[in-house]
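Here is a short note for a colleague who is opening this model for the first time. Please keep the structure in view while reading the numbered points.

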Amino acid sequence: MKIACIGAGYVGGPTMAMIALKCPEIEVVVVDINEVRIAAWNTDKLPIYEPGLLEVVKTARGRNLFFSTDVNKHVGEADIVFVSVNTPTKTRGVGAGKAADLTYWEGAARVIASVSKSSKIIVEKSTVPVKTAEAIEKVLRRNCTDPNVQFEILSNPEFLAEGTAIEDLTAPDRVLIGGKDTESGRAAIATLAGVYEHWVPKDRILCTNLWSAELSKLTANAMLAQRISSVNSISALCEATGADVQQVSRSIGTDSRIGPKFLNASVGFGGSCFQKDILNLVYICETVGLQEVANYWHQVILMNDYQKQRFVERVISAMFNTIKKKKIAVYGFAFKKDTGDTRETPAIDICRGLMADGANVCVYDPQVEDDQIYQDLGTEKFEWDHPSPRSRPVPKSAIDIASNPMEAARDAHAICVLTEWDEFKAYDYQAIYDTMVKPAFVFDGRNILDHQKLRDIGFIVYALGKPLDPFLQKHYD
């Protein structure tokens with residue numbers, strides 16, 4: 001058996017590496033037209049950062065795992081073709097700002113059809129709208145000239161969390177495979193299930209129809225994001241009333257019906273999927289006439305935007321309603337720890353908000369490349385997921401980027417913690433405090449620091465969703 005995967009990104013690369021590791025008798029080839037990305041996969045400096053990924057790749061690479069730009073050859077030879085290309089949010093035209101842009105998916109389907117000399121199983125790995133398989137099947141059938149070639153389309157959505165992708169692939173909660181309830185459809189499902197059964201228990205491989213599988217991915221991300229927005233809304237109420245959001249989260253998380261996961265209040269959710277998938281879900285609901293349902297899910301996005309804006313306003317109001325020409329250190333730019341991914345990171349909107357009010361922002365992140373920060377801050381909304389964004393990076397004079405935390409904080413008026421990197425907890429904050437302008441502020445947007453210790457040092461501390469420091473409380477009597 002030979003497997004090809006179109007798309008060497010955050011999903012395709014790690015997923016295929018794990019399949020190759022666990023199935024040494026299967027040849028696995030990841031193909032992409034991006035020569036730079038493929039070249040990186042063939043070195044020890046991979047194009048994405050994930051704990052444990054390099055070890056998996058090095059074990060299988062050259063044995064039965066290969067990375068290539070020869071798309072036509074390997075797709076033509078494959079028995080199973082995974083499609084893991086971008087499905088970004090449309091930036092113009094009908095559905096702009098909500099609907100998924102399937103340009104790259106359709107392009108992949110045309111390539112598959114044009115090079116196929118034998119029947120193939122086509123696996124949707126990208127997050128796609130419901131009924132995408134139906135449209136792709138039409139493209140495949142109309143563009144393949146060989147009448148003997150048959151295509152069976154399966155939906156196999158990924159449920160990876162960045163930072164723990166290798167753990168998630170090694171021991172997944174479930175593997176979801178959707179296909180047609182026909183003889184050929186059931187056979188295709190069994191073939192793909194047989195690949196996963198090399199290491200995934202059978203009871204964790206769930207088989208559904210195509211539409212249920214496609215909708216399950218959107219719904220899973222929408223539900224997870226909803227929990228974050230829900231606890232973030234309560235964080236605002238906690239600050240207004242003197243409650244502690246961490247205590248509230250702990251209390252409700254012990255309820256077995258609710259559970260403790262995704263109940264950490266923060267500056268907001270980010271990543272490539274949550275916002276994109278919810279907006280996609282909203283658009284689908286609108287197109288089938290379910291406006292009330294669309295409004296319900298859109299509120300999750302609005303609450304996320306509110307949380308980021310609220311954080312910026314808290315920084316400004318705490319610092320005497322002016323941050324113009326004040327240096328503010330930003331600790332963390334990635335959307336969460338243990339990844340270099342900055343897609344939809346809350347840090348983008350927060351840095352923009354601080355910069356718009358005149359602050360001199362200085363960013364330190366242990367994994368994110370400088371050029372990525374400049375590009376992100378200059379990229380228009382929804383454009384980040386397109387291969388050739390029209391926006392230019394912000395000029396390097398617009399924002400400072402530090403190579404270490406001390407440099408970022410030196411002569412700063414405040415530190416904003418925007419990513420929950422573990423190393424941020426271990427810094428010598430006394431030494432950092434000594435280099436800062438007084439009063440020195442810490443705005444902990446992730447609630448990871450020892451706030452009492454910081455106050456003992458002399459910092460004015462804002463901890464998101466916790467009782468306000470007396471210094472930050474407004475008195476009008």
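How many nonpolar, polar and charged residues are there in the lining of the largest cavity?

1. The lining of the largest cavity has 3 nonpolar, no polar and 3 charged residues, where Ala, Val, Leu, Ile, Met, Phe, Trp, Tyr, Cys and Pro count as nonpolar, Asp, Glu, Lys and Arg as charged, and the others, Gly among them, as polar. The residues in question are Ala 133, Glu 137, Glu 152, Ile 153, Lys 180 and Leu 210, and α6 (132-143) and β6 (151-155) each supply at least two residues of this lining.

2. Before going further, please note that this is a predicted model, in which local features need pLDDT of at least 70 and side-chain atom pairs count only at pLDDT 80 or more, while totals for chains, interfaces and linings use all residues. Residues are numbered from 1 along each chain as its sequence is written, and side-chain values use heavy atoms, with hydrogens and water left out.

3. The structure holds 1 cavity of 30 Å³ or more, and the space in the largest cavity comes to about 30 Å³. A cavity here is a set of points, on a 1 Å grid over the protein atoms alone, where a 1.4 Å probe fits but cannot get out, and its lining residues have an atom within 4 Å of a point. Grid points are joined across faces, edges and corners, and the volume is the space filled by probe spheres set on the points.

4. As to the overall fold, the protein chain has 17 helices and 14 strands, which are DSSP runs numbered from the N terminus (helices H or I, at least four residues; strands E, at least two). The chain is as compact as a globular protein of its length, because its radius of gyration is 24 Å, close to the 23 Å that the globule rule gives for 477 residues; the radius is taken over C-alpha atoms, and the rule is 2.2 Å times the number of residues to the power 0.38. Along the principal axes, the C-alpha atoms fill a box of roughly 80 × 45 × 45 Å.

5. Of the 477 residues of the protein chain, 55% count as buried, where buried means under 20% relative accessible area, exposed over 50%, and partly exposed in between (1.4 Å probe, protein chains only). The accessible surface of the chain is about 20900 Å², and 52% of that belongs to carbon and sulfur atoms; the areas come from the Shrake-Rupley method with a 1.4 Å probe, and for residues only the protein chains shown count as cover. Among contacts (heavy atoms within 4.5 Å) between residues at least 6 apart in sequence, 75% join residues at least 24 apart.

6. Some backbone details deserve a careful look. Most residues other than glycine have a negative phi, and most peptide bonds are trans. The peptide bond from Lys 438 to Pro 439, however, is cis, with omega near -5 degrees, and Pro 439 is found in the loop between α16 (429-434) and β13 (441-444).

7. Lys 325, although not a glycine, has a positive phi of about 65 degrees; this residue belongs to the loop between α12 (291-318) and β9 (327-331) and counts as exposed, at 67% relative accessibility. Asn 447, which is not a glycine either, has a positive phi of about 55 degrees and sits in the loop between β13 and α17 (451-457), but Asn 447 is buried, with a relative accessible area of 10%.

8. His 198 lies in the loop between α8 (183-196) and β8 (205-209) and is partly exposed, with a relative accessible area of 39%. Leaving aside its neighbours within four places in sequence, His 198 is in contact with Lys 22, Cys 23 and Glu 25; from C-alpha to C-alpha, His 198 and Cys 23 are 6.6 Å apart in space, although 175 residues apart in sequence.

9. Gly 259, in the loop between α10 (245-253) and α11 (274-287), is buried, with a relative accessible area of 14%, and, neighbours within four places in sequence left aside, is in contact with Arg 227 and Gly 253. Gly 242, in the loop between α9 (210-241) and α10, is partly exposed at 42%.

How values were computed: 1 Å grid on protein atoms, 1.4 Å probe; cavity = no way out; pocket = protein on both sides within 12 Å on 5 of 7 lines; lining within 4 Å.
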